[in-house]
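Open the model in your viewer and keep the selection panel at hand. The tour below goes from one selection to the next.

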Amino acid sequence: MNDKEFLKNYIGIGILLVLSVFLTGCGKKNSNTGSGSSSKEYREGFSVSEISDDLFLRMKRGNTYKEDCIVPREDLRYLLVLHKDLEGNIHQGEMVVHKLIAEDVLEIFEKLYDAGYPIERMVLPDNYLADDEIMMRDNNSSSFNFRFISHTNKISKHGLGMAVDINTLYNPYHKIVTNEDGSTEEVIEPATGEPYLDRTREFDYKIEKDDLCYNLFIEKGFEWGGDWTDRKDYQHFELPTDITEEYSEKYTK
Ligand SMILES: [Zn+2]
């Protein structure tokens, strides 16, 4: 190869390199404008992704994706979000939700983080082997945990990943159950949340009607369990029943 030929090849390779870098750049740009959630860019500490093989294994071992789970893995999303506790310490939170609410819930947590709204803990229920009572006592915030509503083939809203519980110890569930013999029983979950049933008291991590957390969920079309009259579920935000029933029926068939 003489000098002239060498120079020609050299320039050729150079052009090819420039072209490939240019094309790769364009490809990236195009994929970012696509509607697929996996290609969207998020700010640091926040993301929505599909359920990876490792995560799926963790969910099966941890018991949120139980053996009888009929919600397809493809319909669930893994959220990573930042949250601040009461002292302002920043934590990397994680949550599995239904794909239908994934972007909305991410947006809610971004706004709560920016406003410094305190959330103490947000790890998957799998860390507690999907035991609700133990998880709530630990004030964990979460969503997906598969189960049918007792004695039905309907999937519960947490079973669909369409309900979100926040700061669970300080925002307990409360119901007066009437037994067959007419006697009544008080159900409080978690049991250690009893002191926080008095909503006239001031205490940390309390969700109140018209506070930021309440307003952000309501704006996205969720209902608050604290607004219910037959029972109270102060930690709980869920999609309206007409939407969730549609999915529950779709998955049951
Ligand atoms: Zn709940």
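In which helix is Arg 61 found? Select residues 53-62: this is helix α2, and Arg 61 belongs to it. Bear in mind throughout that the model is predicted. Arg 61 counts as exposed because it has 11 C-beta neighbours inside 10 Å, and the cut-off for exposed is 12 or fewer. The C-alpha atoms of Arg 61 and Leu 129 are 7.9 Å apart, although 68 residues separate the two in sequence.

Zoom out to the whole chain. Seven helices and nine strands are present. Of the 253 residues in the chain, 32% are buried. Among contacts with a separation of 6 or more, 61% are between residues 24 or more positions apart.

**The sheet**

Select residues 47-50, 76-84 and 90-98, which are strands β1, β2 and β3. Together they form an open sheet of three strands in the order β1-β2-β3, with antiparallel pairing. β1 and β3 are the edge strands; each has a single partner strand, so one side of each lacks a neighbour in the sheet. From one strand to the next the twist averages 25°.

Start with the pairing of β1 and β2, which are joined by four bridges. Pick Ser 49 and its bridge partner in β2, Tyr 78. Then pick Glu 50, which stands opposite Arg 77 in β2.

Move on to β2 and β3, whose antiparallel pairing extends over nine bridges. One place to look is Lys 84, with Ile 90 of β3 opposite. These two strands make a hairpin with five residues between them. In the turn, select Gly 88 and check its phi, which is positive at about 90°.

**The core**

Which residues touch the most other members of the largest nonpolar core? Select Leu 79, Val 96, Val 97, Val 105, Phe 109, Leu 112 and Cys 213; the core has 41 residues in total. Elements that give two or more residues to this core are α2, β2, β3, α3 (99-115), β4 (163-165) and α6 (212-219). The most comes from α3, with eight residues.

Go back to Val 96 and show its contacts, leaving out neighbours within four places in sequence. The list is Met 59, Thr 64, Leu 76, Tyr 78, Leu 124, Ser 143, Phe 144 and Gly 161. Tyr 78 in this list is also the bridge partner of Ser 49.

How do α3 and α6 run relative to each other, roughly parallel or roughly antiparallel? Their axes come within 10 Å and cross at roughly 160°. Angles over 145 degrees count as roughly antiparallel, and α3 and α6 therefore fall in that class. The crossing of α3 past α6 is right-handed.

To see where the two helices meet, select Ile 108, Lys 111, Leu 112 and Ala 115 on the α3 side, and Leu 212, Cys 213, Leu 216 and Phe 217 on the α6 side. Leu 112 and Cys 213, both at this meeting of helices, are also among the core residues that touch the most other members.

Notes: Residues are numbered from 1 along each chain as its sequence is written. This is a predicted model: local features need pLDDT of at least 70, side-chain atom pairs count only at pLDDT 80 or more; totals for chains, interfaces and linings use all residues. A residue is buried if 20 or more other C-beta atoms lie within 10 Å of its own, exposed if 12 or fewer, and partly exposed in between; C-beta atoms are placed from the backbone. Two strands pair if DSSP finds at least two bridges between them. A nonpolar core is a set of buried Ala, Val, Leu, Ile, Met, Phe, Trp, Tyr and Cys residues joined through C-beta atoms within 7 Å. Two residues are in contact if their C-beta atoms, placed from the backbone, lie within 7 Å. Axes are lines fitted to C-alpha atoms, for helices over the stretch in contact, and angles run from 0 to 180 degrees between N-to-C directions. Angles under 35 degrees count as roughly parallel, over 145 as roughly antiparallel, 65 to 115 as roughly perpendicular and the rest as oblique. A crossing is left-handed if the near helix is turned anticlockwise from the far one by less than a right angle, and right-handed if clockwise.
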